[in-house]
Amino acid sequence: MTSPAYDVVAIGNAIVDVLSQADEEFITAEGMTKGSMQLMFSPEAADDLYAKMGPGIEASGGSAANTVAAIAALGGKCGFIGQVADDQLGEVFAHDIRATGVTFTTAAREGEPSTARCLIFVTPDGQRTMNTFLGASQFLPESALDHDLIASGAILYLEGYLWDPEEPRQAMRAAIEVARKAGRKVAFTLSDVFCISRHRADFLDLMAKGLIDILFANENEILSLMEGEDFEAAVADAAAQVPLLVVTRSEKGAIAISNGQRVSCGAEPIEKVVDTTGAGDLFAAGFLSGQAQGKSLQDSLRLGAICAAEIISHYGARPMCDMQELVAAKLG
């Protein structure tokens, strides 16, 4: 087995985020569930909601894309595979992710639908409520996979959100096979409870077949996956089925369990939570960066907490400071 040329290669939704502030009344009036993500199934619905937004910030996003962009900011070498359309937002996404140093070579898709967008409403308490039009991102075909890129990454990181549409689901199954044949690890993030409710059987099957080496979840997701109400019982059940389980717990920090060893870390203190968009993505970035560098579970958790704290201290899901300097200052 050759040494990996990349730390992490990710497959996920290629999305442009539009963030705007909103009050609780607006969230309720529009029928949204605060703090969650819901899909919009037509460009007309996306356009209608977009028209109701206040002044916003546009930036490239997507869960796995956020993660590899942050790993690159930490000094890691990453690749990303995701589908954009041949349109203005597609050009914005491609430029932004390449500008972070991430390798992105997936060809743009001709015709409709347009590049995916996520309309994010941030309430005064920093909670983000996301409304996603998946557009072109849900049509990532297996033929778009760069097998050499996947095989050259130490870790293949898969986004649960992209498991929902059939075409990219098949592409990710094929990517797992490529990574496995190359002797690489596969990490999977559950992304959201709605993903689990629709694909629990698939996720459990991947775990049962030993196809997931690292599983990321938050508290609600691990309870949903294990169909339980007791957090510790759900964690124990899931940990028995994967080599490494990582569970984030918001202000309560995070835990990691590997081969019966359990470690935890607290949340990194910040002055004010401004926007929780991308908190899980950046935590995964810090943790995976630590693992790629051969750090311990404890140190990897701390690195994840530092990255998550940085991202929730401002609007948007991409770092706004020199991440390497931040980590050096925090870890001495």
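Student: How many aromatic pairs does the count come to?

Tutor: The count comes to 10 aromatic pairs, where the rings of Phe, Tyr and Trp (its six-membered ring) pair if their centres lie within 6.5 Å, and planes under 30 degrees apart count as stacked, over 60 as edge-to-face and the rest as tilted. One of these pairs is formed by Phe80 and Phe104, whose ring centres are 6.0 Å apart and whose planes meet at 35°, so the pair is tilted. This pair links distant parts of the chain, since Phe80 belongs to strand β5 (residues 78-81) and Phe104 to strand β6 (residues 103-104), 24 residues apart; helices (H or I, at least four residues) and strands (E, at least two) are DSSP runs, numbered from the N terminus. Phe80 has a relative accessibility of 1% and counts as buried, and Phe104, at 4%, counts as buried too, where buried means under 20% relative accessible area, exposed over 50%, and partly exposed in between (1.4 Å probe, protein chains only). A second aromatic pair, Tyr161 with Phe194, is stacked, at 6.4 Å centre to centre and 25° between the planes. Tyr161 lies in the loop between β9 and α6 whereas Phe194 lies in helix α7, so the pair ties together parts that are 33 residues apart in sequence. Both Tyr161 and Phe194 are buried. Returning to Phe80 and Phe104, ring pairs link these two residues and Phe93 into a cluster.

This is a predicted model, in which local features need pLDDT of at least 70 and side-chain atom pairs count only at pLDDT 80 or more, while totals for chains, interfaces and linings use all residues. Residues are numbered from 1 along each chain as its sequence is written, and side-chain values use heavy atoms, with hydrogens and water left out.

Aromatic rings also meet charges here, a charge sitting over a ring if NZ of Lys or CZ of Arg is within 6 Å of the ring centre and within 35 degrees of the ring normal. The charged end of Lys77 sits over the ring of Tyr6, 4.9 Å from its centre, and Arg109 lies over the face of Phe139, 4.6 Å from the ring centre.

The loop that holds Tyr161 lies between β9 and α6, and helix α6 (residues 166-181) has 16 residues that should span 22 Å, in agreement with the 23 Å between its end C-alpha atoms; the expected span of a helix is 1.5 Å times one less than its number of residues. Its buried residues include Pro168, Arg169, Met172, Ile176 and Val178. The buried residues of α6 pack against β1 (6-11), α5 (147-151), β9 (153-159), β10 (185-189) and α7 (193-208), with contact meaning heavy atoms within 4.5 Å. After α6 comes Gly183, whose phi is positive, near 75°.

Helix α10 (residues 279-292) has 14 residues that should span 20 Å, and its end C-alpha atoms are 20 Å apart, which agrees. In α10, 10 of the 14 residues are buried, so this helix is largely enclosed by the rest of the structure. Among those buried residues are the aromatic Phe283 and Phe287, and just after α10 Gly294 takes a positive phi of about 80°.
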